[in-house]
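Colleague: I am new to this model. Could you take me through the salt bridges, pair by pair?

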Amino acid sequence: MECDRTRQPAEVVNSLIRAMKDVFGSDRRRIAHALEVLQVAGEILAEESGSERVVEAAAILHDIGIQEAERKFGSSAGRYQEIEGPPIARRIMQDLGLDEQTIEHVCRIVGSHHSARDIDTPEFRILWDADWMVNIPDAFAGQSKDKLERIINKVFKTKTGKEKAVNLFVKRKERMNMFCYQCEQTAKGRGCTVSGVCGKDPETAALQDLLVYATKGLSMYAHKARELGVRDRDVDVFTTEALFTTITNVNFDPERLRGLLIRAAVLRDQSKRLYEEACREAGRTPETLSGPAVWMPADDLNGLIQQGEEIGIPTRKEALGEDVTGLQELITYGLKGMAAYADHAQILGREDDGVYAFFHEALNFLTETHTAEELTAMALKCGEVNLKVMELLDTANTGAYGHPVPTPVRIEPIRGKAILISGHDLKDLGALLEQTEGKGINVYTHGEMLPAHGYPELKQYKHLVGNYGGAWQDQRKEFDAFPGAILMTTNCIQKPKETYKARIFTTGLVAWPGVIHVPDQQFAPVIEAALEADGFQEDGPDKTILVGFGHNAVLGVADKVIEAVKSGAIRHFFLIGGCDGARSGRNYYTELAKAVPKDCIIMTLACGKYRFNKLEFGDIQGIPRLLDIGQCNDAHSAIQIAVALANAFDTDVNGLPLSMVISWYEQKAVCILLSLLHLGIRNIRLGPTLPAFVTPAVLNVLVEHFNIMPNSTVEEDLAAMLG
């Protein structure tokens, strides 16, 4: 339909936006909401009649009275906004020289946009629908398809708005082919089929499945090209990034995933050309490949989603059975975890061509038919290669920032402006510290970034003042209370609350729809948001915890540890580490740590340590009873420590007075487990529940060969481990 275009110059729109921002000040959430409503209103207006001038001004100014309502009435209720909004909107428009007819029309909309009383014009209907469109995801999260459709039919006022809302919020719920069981919290311990417990919707799940499928196709050609001595680093790096992108709690943005799928197809074709050219030079006839190798991306997002649904896990389970599919997924998840570590190492300049070769070999392997024995062997090979990858990352981190040293870390805030940085990427932290130096901003770590305080090159920054909060699953509460900007550098992002959505930022491979993404370590927007926010108003208590017990620090006092073991002062070592999560049962790890006898040492790593790392454990002859080894990838350090102790006592790791109690959540824990199994380490306790993709038949193999076992009770397990 042709619109009645009463246009206003772009500079007027920009001036309205600037005026709106001046009123809202540091309230980035409400600024972002207004701009989102403006965008949606423009999309509806393109199909409906109405004055563009009125629609744009109303979209920008519709919530303009909210802060004054809060100041006067202590409430942001709609009726108070409708009282306070029109005078402010009128003043802004008069200052900008808008005509009186437009001013009056916009003020009537602003004064009725919650109650819809006394006004029914095309412009109002467009603004009403745009505002509802933006609010629906939070206002009606988790509602059934039928209820959403009833709400939309009742509430929306324009034909275009209603159609857009049905397509966006109802029809997507009609696709119920989602199946995901890659994390520990998967629904009912079997698999997420409606939406992911992690926050992943069916569309994102389908796109992630398709990205893994597309990466397999790329690797089919890359693997065969490598057999002929030809490789392409762009293909290698993309493969690790694509796998990392599909890890739990990394990328929830369908548009970003769409871009990766298109690039996967381009690089697949590039690999195909390299392979065919290498064949010609070698005098061979190129093989004709099928399956993922010939996949072509659909023209639009809906088409890609449908493709992803067609190649998902249920399709393979039906064709191959539960056991084979589960073993394939065990390998896939190991590759995903390994890709995360390889990507971090690559960013810091450490790569190994053999690692890239294995990614392509294993992904190509997964497109072929294999027995359970062959799949198990490939899973253990994944664990073997992951040892090399973790060593690469350890070398990358220590080469850039020095070997960690035991360091007390403040866990209470300091008065002043603040940035919170979460995730695993030390290079991002280093860049942020450089860019914030001298700006009066304190930087706090969160989650897996806590071990960064032990690295000499990072701890030299005086404004790296402490750690805030705990593990990833508490972030929605903790981030809401944090009075500054937040930067997510790798996985573990959860759906942000509206209260902090405008001051949380993503970088690297992390993405969430509607959250500002900061590329290439250009952190100016993060710094600006921190300076605009309130910051901490006072110092907290002076409390600290110890970090920095990497292999270099522990082995530096190995003689002291060995002597304590020989004298009986240290009876046993417990590695209690791994991922944390929200599922019930994880208090087991807290209770186990508290129950460990006082003549025993606890080593810990990854975010599972937040279950007990603020407790007081004391020391044994000056050796702290709790040794925080670092992030999950610092399992490399734990292995180095165990191997060194085994050598000192002329035994193997299984002969040490050492028990491993591992909590798992996502795919990095899977690749670490595969590494431990490759090393032949037995008697690992895994929990709080066993992986859903490990079928009873597969579990029997793991029990037979490695005596891997689930947790039972603290009392029973502790008695068994102490013998």
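Modeller: Start with the surface. The accessible surface of the protein chain comes to about 29,000 Å² (Shrake-Rupley method, 1.4 Å probe; for residues, only the protein chains shown count as cover). Carbon and sulfur atoms hold 48% of that surface. This is a predicted model: local features need pLDDT of at least 70 and side-chain atom pairs pLDDT 80 or more, while totals for chains, interfaces and linings use all residues. Residues are numbered from 1 along each chain as its sequence is written, and side-chain values use heavy atoms, without hydrogens and water.

Of the 723 residues in the protein chain, 58% are buried (under 20% relative accessible area; exposed is over 50%, partly exposed in between; 1.4 Å probe, protein chains only).

Now the charges. The chain has 78 positive and 99 negative ones (Lys and Arg against Asp and Glu; His and the chain ends are not counted). Their mean positions are 3 Å apart, each charge being placed at NZ of Lys, CZ of Arg, CG of Asp or CD of Glu. Side chains of opposite charge can pair when their charged atoms come close. The whole structure has 29 salt bridges (a side-chain nitrogen of Lys or Arg within 4 Å of a carboxyl oxygen of Asp or Glu).

Take Arg71 and Glu68. Their closest N and O atoms are 2.6 Å apart. Both residues sit in helix H4 (residues 66-73) (helices are DSSP runs of H or I, at least four residues; strands are runs of E, at least two; both are numbered from the N terminus). They are three residues apart, about one turn of the helix. Arg71 counts as exposed because its relative accessibility is 60%. Glu68, at 23%, is partly exposed.

Next, Arg571 pairs with Asp599, with 3.2 Å between the closest N and O atoms. Arg571 lies in the loop between helix H23 (558-567) and strand S9 (572-578), and Asp599 in the loop between helix H24 (587-595) and strand S10 (600-605), so this bridge ties together parts 28 residues apart in sequence. Arg571 is partly exposed at 40% relative accessibility. Asp599 is partly exposed too, at 25%.

Then look at Arg685 and Asp717, whose closest N and O atoms are 3.4 Å apart. This pair links distant parts of the chain, 32 residues apart: strand S15 (residues 685-687) holds Arg685, and helix H28 (residues 714-722) holds Asp717. Arg685 is buried, at 8% relative accessible area. Asp717 is buried as well, at 3%.

Finally, a network. Salt bridges link Arg226, Arg231, Asp236 and Asp353.
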